[in-house]
Amino acid sequence: MNPARVESIVIMGASSGIAMAAAQRWAAQGSRLYLVARDAQKLSDLAHDLRARGATHVEIQVADLSSEKQVEEACLHILQRWMHIDVLLLAFGILGDQQKLVHDHHLCRRLYELNVSAPVQVINMFRPRFQEQRGGCIAVLSSVAGDRGRASNYVYGSSKAALTAYCSGLKADLQTYGVQVLTIKPGMVATAMTAHLPQGPLMASPQTVARDIVRAVDQGRSVLYTPWFWRWIMLVIKLLPGFIFNRLRF
Amino acid sequence: MVATSWGRLKGQETASIPIFWRHELPELIRRVDGPLLAHGLGRSYGDSCLIEQGQLLLMSPMQKLRWFDTDQGVISCEAGISFAELLDIVVPRGWFVPVTPGTKFVTLGGAIANDVHGKNHHKRGTIGRHIRELELLRSDGEARVCSPSQETELFRATIGGLGLTGVITWATLELIPIRSALIDMESIKTHDLEDFFSLEDDSAEQFEYTVSWIDCMAKGARRGRGLFLRGNHAKEGHPAPEYAAQSQWKVSVPCDAPGWLLNPWSIRIFNEIYYHKQRRRYVTSRTALDPFFYPLDMILHWNRLYGKRGLLQYQCVLPPDRKDELRQLFDVIAASGQGSFLAVIKKFGDLPSPGLLSFPREGYTLTLDFCQLGSRSQQLFRTLDRMVIEAGGRLYPAKDALMSAQTFQAGYPQWQELKRHIDPKFQSAFWKRVSSS
């Protein structure tokens, strides 16, 4: 992408730690930003921050992305207001509590709705625009947890696996239109989503992850492990033979 | 979680609550049981950033800007923002923080709570002088905007108030203009303390920044020899490209060094080489910001060099006419053989500090690192404390882990006044130690 041109960036789930840090980097480059999230106060705080950091223009929209209707309205609204979109970043989702999830299929359904159905709905709505404009990038926050279901978080992991597979197909599908599809697979990131978990040495800052995302978008990449070492950790985990893997409780 | 201070002092097992959004704080503070203390990046050396049997509010995720007036050079941001982040935002647009401590890994809130100073104290005083406004959140849920003209008493108590008056949620900082992201600096090899005294006085007028590294192992006639550094922001240039070109490479000390690594011999050898590395008396250079302001930030986790035991820092200030006592301090330290490679001296100017409990006052400030040697350190520090207090000086709470309540109260007779402004739910391990009778 041409850094001299003002980029138009749409972020769904903009108040998440990773999305916010990415938005701050894009703002520093002078981008135009369209932010969607549920909490009006958070959106307003973030909009002030991004303007002060140099964003050319910031628009915000309050929407609960777990509601099919609100997702539809939000998408239609954006598509009406902005003719050209350079980057669509989907950064919403829930981690859930595995112990509760395995006993409650209503919770599981809610998790799948927000982590899978909602992103698919958003992408379906934006897809014609990207095909028309023959360019741009759809960047989707998946997770390393989707690479192989592990005992400790396979409900969340399976939702991210679905998203990863969807993005992989989407990429192949939109290839001929020159549209970039970026599947982002962060490891553990120190955000509000993980604040209740123990802080280990593998925990990355949202700023590190955001730097990698902005760079991967610029470089036109299709899969990003961030920080970089997760590619190798996940490779080992994927290669572990079943008789070992099944004994692990991580 | 166990929070740790920069001197590797471990707090007790405490619950820590990361704070992401300003508007969630009032409810949180009201709800949770105290005691509480806001904690930034944990760069205080001793226990002023720790708490016993309470909860730490981790402020560093709260780093959003509220606004930035790029014409006037005034920025308003949440208290968890680090100086590193601030510089990334303001330097490319031709501004610089008015005062910066020797590390950029501190938060704005922490800088205010310790009323930090820098190499330009003689020109600009402490950071508190450049705070136009701040918001203080009290445990009753009330948010109070304090400034030099509004809630003045609370403002004075909060600047240098060690986080005891409540949580600083945001602050508005006045910046200084720069035309270049480079520093024109001079390094002058000094023979002894007299040399340093006269250089300090000669440079105060023309140089924005002055500081001196001292070989604290040198005795006798060579006592106080070192390198005197002075510099100014380069007069012409292009801040944005210059800053972008400045390398952000860092090395990291991956694990604790063995305890014997830093010993009197290795330190003496280091100091000898460091002093003699510069052959000529004057060396001038144009340098990037980090090597001038934050040389130690390039080594991540440098405190691990001191091993598991950690390090102690000693920073005191003596009135300007107490040069004899200052010389005696050097003698005692050199004789103890406990000194380390970091020993820095600087003359504070006469600009008054706005905080009730601010450390800086006019005079000479001496900063030294020591290996933590248990009772030997304590003995040395007690001797130094006595000399400092007798000379009418005081110690810097942000660096301290050992001073007694008497030493603190003698250095800060106004401490009783601060007590009136302390939020009932707030406490720190440091305050517990020094406010007992």
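This is a predicted model: local features need pLDDT of at least 70, side-chain atom pairs count only at pLDDT 80 or more; totals for chains, interfaces and linings use all residues.
**View 1. The open sheet of chain A has seven strands in the order 3-2-1-4-5-6-7, with parallel pairing.** Strands (E, at least two residues) and helices (H or I, at least four) are DSSP runs numbered from the N terminus, and two strands pair if DSSP finds at least two bridges between them. Strand 3 (57–62) and strand 7 (223–226) of chain A each have a single partner strand, so one side of each is left without a neighbour in the sheet. On average, neighbouring strands are turned by 15° against each other, direction ignored. Look for Val36(A), which stands opposite Gln61(A) in strand 3 of chain A.

**View 2. Helix 1 (residues 17–28) of chain A lies across strands of the sheet, among them strand 1 (8–12) and strand 4 (87–90).** Helix 1 of chain A runs at about 165° to strand 2 of chain A; axes are lines fitted to C-alpha atoms, for helices over the stretch in contact, and angles run from 0 to 180 degrees between N-to-C directions. Contact here takes C-beta atoms, placed from the backbone, within 7 Å. Helix 7 (residues 206–219) of chain A also packs on the sheet, and its direction makes about 160° with that of strand 7 of chain A.

**View 3. Helix 11 (residues 375–390) of chain B has buried residues that include Leu380(B), Phe381(B) and Leu384(B).** A residue is buried if 20 or more other C-beta atoms lie within 10 Å of its own, exposed if 12 or fewer, and partly exposed in between, with C-beta atoms placed from the backbone. The buried residues fall within an arc of 140° (taken from the directions from the helix axis to the C-beta atoms), so they line one face of the helix. Ser375(B), Arg386(B) and Glu390(B) are exposed on the other side of helix 11 of chain B.

**View 4. Gly374(B) lies in the loop between strand 21 and helix 11 of chain B.** Gly374(B) is exposed, with 9 other C-beta atoms within 10 Å.

Definitions and conventions. Residues are numbered from 1 along each chain as its sequence is written. Chains are lettered from A and ligands numbered from 1 in the order in which they are written. Two residues are in contact if their C-beta atoms, placed from the backbone, lie within 7 Å. The expected span of a helix is 1.5 Å times one less than its number of residues.
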